[in-house]
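Hello,

Here is the structure I promised to pass on. Please have a look, and then read on for what turned up in it.

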Amino acid sequence: MATGSVGNYRNGTNRGSLKTTAADRPFSVNSNPSAKAALRNKPPSAAAAAASSGLRKSSPGALAGSTGAAARDDAGVPGRVRVAVRLRPRNDEELVADADFADCVELQPEVKRLKLRKNNWDSDTYEFDEVLTEFASQKRVYEVVAKPVVESVLDGYNGTVMAYGQTGTGKTYTLGQLGEEDTADRGIMVRAMEDILADISLNNDSISVSYLQLYMETIQDLLDPTNDNMSIVEDHKTGDVSLPGATIVEIRDQQSFLELLRLGEAHRFAANTRLNTESSRSHAILMVQVKRSVKGREQGLSGENGNSSNVVKSLKPPIIRKGKLVVVDLAGSERIDKSGSEGHTLEEAKSINLSLSALGKCINALAESSSHVPVRDSKLTRLLRDSFGGSARTSLVITIGPSPRHRGETASTIMFGQRAMRVENMLKLKEEFDYKSLARRLDIQLDKLLMEHERKQKAFEDEIERINTEAKNQISEAERNYADALERERLKYQKDYMESIKKLEEKWMMNQQKQSSERKIVGLQDSNDISSNGKDHMAAEVTEMKRLLQKETSLRKTAEEEVNNLKNQIAEMKKSEGSETSEMLKLRKMLEDEARQKEKFEREIAMLQSQLLQLSFEADETRRRLDRGGSGKISGGLDSLNSQVRHSQPRDTGNGEKTSIAKLFEQVGLQKILSLLEAEDADVRIHAVKVVANLAAEEANQQKIVEAGGLTSLLMLLRSSEDETIHRVAAGAIANLAMNETNQELVMEQGGISLLSMTAAHAEDPQTLRMVAGAIANLCGNDKLQTKLRDEGGIKALLGMVRCGHPDVLAQVARGVANFAKCESRASTQGTKTGRSLLIEDGALPWIVQNANNEASPIRRHIELALCHLAQHEVNARDMISGGALWELVRISRDCSREDIRTLAHRTLASSPAFIAELRRLRIDY
């Protein structure tokens, strides 16, 4: 008997004299010739398996790779744990010791059944999702057990592959075999990484790996042996489990991953026992994180010449899907009397059995839908919290041996698998916005915009400076030319004028001298001759003077024309100067416009930055809301339904339109107005339904409208029309009519709740959703319609409208929930209703708890009333305690602003035995 006193590192330097035997490789073909022949015929290449697998499904499918719909298994229960059983062939010891005995199990893989023999004539039959014989290849095991889980991880889900069974039955061979000697022996870990690397793009996606072991209730890092006591951190909101101190290695190729596995296996504890010469003494856990960017889901930023405001409107961050694959190689369960463990190996066996026992208790509790699951009894169950009953897709392979000597251990393993098949998980897609990538893209876009703006601004300023300089030079040159020409013309005409005056003076002096000399020479003549000659001479002188004056006048006119021409030229020069000045003004205006545009760009850049901050804030809020299970924090007020519906109708605030509508009602008649609801002209129908809605707002007209068939016509409009305005106004009119109990029953009889639900499902306008929610909220207040309203989808439609997030819509939803809860409470008190609340069954409790302390007082008031009414029925107490409603009831009893609600909450807490017991357990004084 060879037993180990202490645990040794697997493949490490401390293994001592341990040697590999047939028990080390339970699926080795060396001990079974027929198995060897079967395995030799299998394809050796994993690449061929990947190529033959075809297109990967976009969502989780069946364990065996069926082509059914996503998240749907054979039994029709989404997210169930899938279990496969694998039989190890007989090893050398069993071939000798059990040669005269038949195997204790009989496999029927065609019908996926297993028979466990009690004796030679009696056996028990069990069904599994897959039954794998001793001849099943490693490739076959991977494809039916792990490949669908790997595909789910690539699609953004969490996945777990785990092996459970007696020591020496081949768990480590199934999961962690590296296949160095024969590639066909590669285990699930190696093949899973091959498929992941083949499917992702290393440029956009990333893979990171951690490798751990749970040894005697301490978590140790197989990649860093010095880190031998890590703590588990749990997120109480999401339930996620993390190990902050674990070594994380990014994987770029298959070879680096194989080196990592070799390093981890070398540090794993193993020991020699009677049942297995290399028995794992710890639970090995491989965690693979896959981050993938979703292509085609984001809108690109606009180009360099695009409008930056459009960039803000179309801004959408890229989406990243985060999937986590957990491969768990559990240490084998063993009986001390059979394994022969002693000393430190005995302590290891006790620790292994205790952790496996804790895992079995959790599986039992989940299979029986127990209210308490003891996940905190062991670190193993805490690490696997998401794998069983969580949000991960889980595949379990149980390994068994054929030896009848270990029939008890085989039966225990089979029952563990049977119970695990009853555990249901709720698969959740892990998506989040990549705000870091968006921020980088925004920074690049902002830098480009700023550089382009600065370049254009500099070019514009240079052009303005050049035009300004050219204009100044042209103006200076024109002024100089004008001044020179004017001075030349002035000097020229002044010179000509002076010369003319001088010539006239000279001629006049000469004439005077000539006359004086003639009088002296000739002397006196008789008076007649003298008079006659004098007259003739004077006439000649006058004629000459006239001729000279005319010539001077013409010269003067010519000079004046030249002066006028110069003045005209000066005026034209001034006009040219004015046009240059106006051009300068235009350029200055353009410069000012450019400056204003620059300010606008700066404001838009600031807006862009604030938008980014807002998106980050909204993402955080969204993440917190998703963690709480609700639709987010909603603010806003709520008036009474009558005020909400009437204000939604298109009417004037004055009395003129009321008078005109009443006059129209009297003159035209209700039947004529209702007939217009079926008109072919869309505008006519819209105006007609508005008139009917205004009439329905008056209580005196409601009965007349119903008797004339108006309610039926309004419901027909919801069914036949696709116009959003008609849907909004018609829903408002139905909400007004549904304030009457008789009309409420008519609405239900004519299928109104189905039409309102359909309208809510397709509507996006908050006002339309507010009208529909108001109508359903009125129907929720009728005791007779509770069951029918729920069966026809009224509650789910009401809760579905919280997606809008508008405070008015949420106020109507809260009012409807409060009305429904009040009617249920009244029916339970009267004894006409038993069982859990229909609201809780339809999943309304998380949203109610999340909004119990909403900032908007109308929403908070209705939710507080709903909680108090739900708590009055003892059968709801367990769900309310587990859903966190008890804390809100305690808060309401202490802090509610309304005394009647505060008193009701306190009375409810004091009258419920379940609440009193829980408060005492938590030591809370209410």
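Let me begin with a pair of strands: strand 4 (residues 113-117) runs antiparallel to strand 5 (residues 123-127), with five bridges between them. Two strands count as paired if DSSP finds at least two bridges between them. Helices (H or I, at least four residues) and strands (E, at least two) are DSSP runs, numbered from the N terminus. A hairpin of five residues connects strand 4 to strand 5, and Leu116 sits opposite Asp124 of strand 5.

A word on the basis of all this: it is a predicted model, in which local features need pLDDT of at least 70 and side-chain atom pairs count only at pLDDT 80 or more, while totals for chains, interfaces and linings use all residues. Residues are numbered from 1 along each chain as its sequence is written, and side-chain values use heavy atoms, with hydrogens and water left out.

On confidence, the protein chain has an average pLDDT (the predictor's confidence in each residue, from 0 to 100) of 77, and 79% of the residues score at least 70. Contact here means heavy atoms within 4.5 Å.

Now the aromatic rings. Rings of Phe, Tyr and Trp (its six-membered ring) pair if their centres lie within 6.5 Å; planes under 30 degrees apart are stacked, over 60 edge-to-face, and the rest tilted. That rule gives two aromatic pairs. In one of them, Tyr164 and Phe416 are stacked, at 3.8 Å centre to centre and 15° between the planes. This pair links strand 7 (residues 159-165), which holds Tyr164, to helix 12 (residues 407-420), which holds Phe416, across 252 residues. Tyr164 and Phe416 are both buried (under 20% relative accessible area; exposed is over 50%, partly exposed in between, with a 1.4 Å probe and protein chains only).

Tyr215 and Phe269 are stacked too, at 4.0 Å centre to centre and 15° between the planes. Tyr215 belongs to strand 8 (residues 206-215) and Phe269 to strand 13 (residues 269-271), so this pair ties together parts 54 residues apart in sequence. Tyr215 is buried at 8% relative accessibility, and Phe269 is buried at 11%.

Lastly, where is Glu864 found? Glu864 lies in helix 30 (residues 857-871) and is buried at 3% relative accessibility. Beyond four places in sequence, Glu864 touches Ala852, Arg891, Ile892, Cys896 and Ile901.

Best wishes
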